[in-house]
Amino acid sequence: CDGGDLAGTSCVALGFGGGTLGCAPDCSDFVTTGCTAPVVPVSCAAVGSSVDGNYTIDPDGDGGSPAFQVYCADMASTPTEYLNLIVTGGTNNYSYYVYTSLPTAATCNWTKVRFASLSPLRLDGSDRRFATCTGNASWFAACHWATAQSCMCGGCSQGRMNIDLTGTPFRIDAAAGWETVGWIPGGGVTRNDGPGRIVEATGGGYCGGTQPRNPPGLILAFF
């Protein structure tokens with residue numbers, strides 16, 4: 001730079017939110033004291049990129065809640081937010097469903113869960129885009145994150161599920177909850193650490209299971 005000649009550079013071009021860029025008296029560097037803090041996008045759609053990947057968003061802007069990282073999918077078309085799960089595999093962040101007998105069982109393990117809403121922060125456990133499912137493919141659709149279901153006998157509870165939000169900034173909000181539903185259902189929440197950080201449940205019936213109470217659904221709170 002040279003005095004008022006900033007060579008086409010601006011605060012925004014340097015990664016700031018805006019403001020007035022200056023030049024050092026000896027022209028050795030830019031002066032950024034007049035620049036404002038970077039503006040954190042409120043959603044994946046506001047990121048301004050067509051590349052899928054991890055981005056930091058702040059859905060409530062200056063509302064007081066912290067910004068956090070999400071995985072933004074479909075950035076070239078309809079941007080969608082996903083929560084990255086840190087503890088995955090095995091019986092972590094999984095759902096197990098069995099119908100009538102063990103050969104008809106299915107298991108799905110999630111690495112990311114879709115945000116159904118950013119205000120309030122609510123997850124959609126039915127989305128299996130980032131789930132790996134094994135077993136009987138006929139019953140993959142019965143596996144929902146945060147839901148334990150089976151269809152074997154009245155009062156049975158062979159279905160299993162685990163939520164583990166360790167390593168994320170979230171927990172399941174106290175306003176959320178689970179209900180046991182279906183025909184002669186069985187099961188219920190067997191573990192709730194945090195609370196809302198790690199949740200496990202069994203579920204079943206003929207047919208039935210333990211699922212998030214809706215409303216309000218899988219509402220998140222900051223941990």
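Cysteine 108 and cysteine 133 are joined by a disulfide, with an S to S distance of 2.0 Å. The model is predicted. The count of disulfides comes to 6, and with the bonded cysteines numbered in sequence order the pairing reads 1-3, 2-4, 5-6, 7-8, 9-12, 10-11.

**Disulfide of cysteine 108 and cysteine 133**

- The link of cysteine 108 and cysteine 133 is right-handed, with 110° about the S-S bond.
- This pair links distant parts of the chain, 25 residues apart: cysteine 108 is in strand β9 (residues 101–110) and cysteine 133 is in strand β12 (residues 131–135).
- Cysteine 108 has a relative accessibility of 0% and therefore counts as buried, since the cut-off for buried is under 20%.

**Disulfide of cysteine 1 and cysteine 23**

- Cysteine 1 is bonded to cysteine 23, with S to S at 2.1 Å.
- With 80° about the S-S bond, the link of cysteine 1 and cysteine 23 is right-handed.
- The pair links distant parts of the chain, 22 residues apart, with cysteine 1 in the segment before β1 (18–19) and cysteine 23 in strand β2 (residues 22–23).
- Cysteine 1 is partly exposed at 28% relative accessibility, whereas cysteine 23 is buried at 17%.

**Disulfide of cysteine 151 and cysteine 207**

- A disulfide with S to S at 1.6 Å joins cysteine 151 to cysteine 207.
- The link of cysteine 151 and cysteine 207 is left-handed, with -50° about the S-S bond.
- Cysteine 151 lies in strand β13 and cysteine 207 in the loop between β18 (198–204) and β19 (208–212), so the pair ties together parts that are 56 residues apart in sequence.
- Cysteine 151 is buried, with a relative accessible area of 3%, while cysteine 207 counts as partly exposed at 34%.

- Cysteine 27 is in no disulfide, and the nearest cysteine sulfur, that of cysteine 23, is 4.4 Å away.
- Cysteine 27 is partly exposed, with a relative accessible area of 30%.
- Cysteine 143 is in no disulfide either; the nearest cysteine sulfur, that of cysteine 108, is 4.0 Å away.
- Cysteine 143 counts as buried, at 0% relative accessibility.

**Backbone geometry**

- Most residues other than glycine have a negative phi, and most peptide bonds are trans.
- Cysteine 27 is not a glycine but has a positive phi of about 65°, and it is found in the loop between β2 and β3 (30–31).
- Aspartate 74, also not a glycine, has a positive phi of about 55°.
- Aspartate 74 is found in the loop between β6 (68–73) and β7 (80–84) and is partly exposed, with a relative accessible area of 26%.
- The peptide bond from tyrosine 206 to cysteine 207 is cis, with omega near 5°; cysteine 207 is in the loop between β18 and β19.
- The peptide bond from asparagine 214 to proline 215 is cis, with omega near 0°, and proline 215 has its place in the loop between β19 and β20 (218–222).

**Serine 150**

- Serine 150 is found in strand β13 (residues 148–151) and is buried, with a relative accessible area of 0%.
- A polar atom of the serine 150 side chain lies 3.3 Å from the backbone oxygen of glycine 203.
- Beyond four places in sequence, the residues that serine 150 touches include Tyr97, Val98, Gln158, Gly203 and Cys207.

**Isoleucine 172**

- Isoleucine 172 is found in strand β15 (residues 170–172) and counts as buried at 4% relative accessibility.
- Leaving aside residues up to four places away in sequence, isoleucine 172 touches Leu165, Trp178, Pro195, Gly196, Leu218, Ile219 and Leu220.
- Isoleucine 172 and arginine 122 are 50 residues apart in sequence, and their C-alpha atoms are 9.2 Å apart in space.

**Nonpolar surface patch**

- Trp183, Ile184 and Tyr206 make a nonpolar surface patch of about 380 Å².
- Isoleucine 184 has its place in the loop between β16 (178–182) and β17 (186–193) and is partly exposed, with a relative accessible area of 47%.

Key: Residues are numbered from 1 along each chain as its sequence is written. This is a predicted model: local features need pLDDT of at least 70, side-chain atom pairs count only at pLDDT 80 or more; totals for chains, interfaces and linings use all residues. Side-chain values use heavy atoms; hydrogens and water are left out. Patches are made of residues with over 30% relative accessible area and no salt bridge: like charges are joined within 9 Å, nonpolar side chains (Val, Leu, Ile, Met, Phe, Trp, Tyr) within 5 Å. Accessible areas come from the Shrake-Rupley method with a 1.4 Å probe; for residues, only the protein chains shown count as cover. A salt bridge is a side-chain nitrogen of Lys or Arg within 4 Å of a carboxyl oxygen of Asp or Glu. Helices (H or I, at least four residues) and strands (E, at least two) are DSSP runs, numbered from the N terminus. Buried means under 20% relative accessible area, exposed over 50%, partly exposed in between (1.4 Å probe, protein chains only). A polar contact is a pair of N or O atoms within 3.5 Å; within protein, one must be able to donate a hydrogen and the other to accept it, and residues adjacent in sequence count only if both atoms are side-chain atoms. Contact means heavy atoms within 4.5 Å. A disulfide is a pair of cysteine sulfur atoms within 2.5 Å.
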